[in-house]
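This report covers strand pairing, the nonpolar core and the aromatic contacts. Please have the chain in view while reading.

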Amino acid sequence: MSTSTTASVSTHILDTSAGRPAGDVAVHLAARAGREADWQALGGSATDADGRCKDLPALPEGTTHVRLDFDTETYFAKKQAAAQQDAPALRDSENGRPVFFPEVTITFAVVPGEHYHVPLLLNPFGYSVYRGS
């Protein structure tokens with residue numbers, strides 16, 4: 001929850017290739033106070049069955065930039081393994097990976113007192129993000 005001296009962040013992931021929320025995706029949160037400052041790892045969480053991270057750590061006072069790291073490769077590998085029980089899964093024939101983007105990192109600027117909801121729309125070969133509400 002944001003205060004007048006801090007910002008807050010939430011996120012959720014929709015798997016657009018399946019048309020449903022992406023559950024059990026690891027998400028890591030980092031922050032820094034100033035463009036030249038070092039990143040401070042704040043912790044992480046995983047999306048729930050509704051694709052939401054409800055327990056991301058609070059941002060420290062003075063945060064100006066936030067980074068969300070999503071472990072998409074593990075998510076798609078699990079999804080592919082489940083699909084292979086019934087039929088062979090399609091793979092990226094160039095590199096043998098089940099997903100083109102093994103991780104997604106989103107970096108954005110924040111100001112104190114604001115809440116930032118950052119949804120990730122995800123599929124094996126692309127993604128999109130935006131500032132939600």
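## Basis and conventions

Two strands pair if DSSP finds at least two bridges between them. Strands (E, at least two residues) and helices (H or I, at least four) are DSSP runs, numbered from the N terminus.

This is a predicted model: local features need pLDDT of at least 70, side-chain atom pairs count only at pLDDT 80 or more, and totals for chains, interfaces and linings use all residues. Residues are numbered from 1 along each chain as its sequence is written, and side-chain values use heavy atoms, with hydrogens and water left out.

## The β9–β10 hairpin

β9 and β10 pair in the antiparallel sense, with 4 bridges. A hairpin of 2 residues joins β9 to β10. Across this pairing, L121 faces S128 of β10.

## The four-stranded sheet

An open sheet of 4 strands runs in the order β4-β3-β6-β7, with antiparallel pairing. Its edge strands are β4 (40–46) and β7, and each pairs on one side only. From one strand to the next, the twist averages 20° (axes are lines fitted to C-alpha atoms, for helices over the stretch in contact; angles run from 0 to 180 degrees between N-to-C directions).

Strand β3 (residues 26–32) is joined to β4 by 6 bridges, and the two run antiparallel. A26 stands opposite A46 in β4.

## The nonpolar core

A nonpolar core is a set of buried Ala, Val, Leu, Ile, Met, Phe, Trp, Tyr and Cys residues joined through side-chain atoms within 4.5 Å. Buried means under 20% relative accessible area, exposed over 50%, and partly exposed in between (1.4 Å probe, protein chains only). The largest such core has 26 residues. L59, L68, F70 and F108 have the most contacts inside it. At least two core residues come from each of β1 (8–15), β3, β6 (65–70), α1, β7 and β9 (120–123).

What does L68 touch, leaving aside neighbours within four places in sequence? Its contacts (heavy atoms within 4.5 Å) include V9, T11, V27, L29, L56, I106, F108 and V118.

## R67 and W39

R67 lies in strand β6. At 22% relative accessibility, R67 is partly exposed. The charged end of R67 sits over the ring of W39, 4.6 Å from the ring centre. The rule for such a placement is NZ of Lys or CZ of Arg within 6 Å of the ring centre and within 35 degrees of the ring normal.

Not counting residues up to four places away in sequence, R67 touches H28, L29, A30, W39, T105, I106 and T107. R67 and L29 are 38 residues apart in sequence, yet their C-alpha atoms are 5.8 Å apart.

## Aromatic pairs

Rings of Phe, Tyr and Trp (its six-membered ring) pair if their centres lie within 6.5 Å; planes under 30 degrees apart count as stacked, over 60 as edge-to-face and the rest as tilted. There are 4 aromatic pairs by this rule. The ring centres of Y75 and F76 are 4.9 Å apart and the planes meet at 70°, so this pair is edge-to-face. Y75 and F76 are buried.

F101 and Y127 form an edge-to-face pair, 5.1 Å centre to centre with 80° between the planes. This pair links distant parts of the chain, 26 residues apart: F101 is in the loop between α1 (72–84) and β7 (104–109), and Y127 in strand β10 (residues 126–129). F101 is partly exposed, at 27% relative accessible area. Y127 is partly exposed, at 37%. F100, F101 and Y127 form one aromatic cluster.
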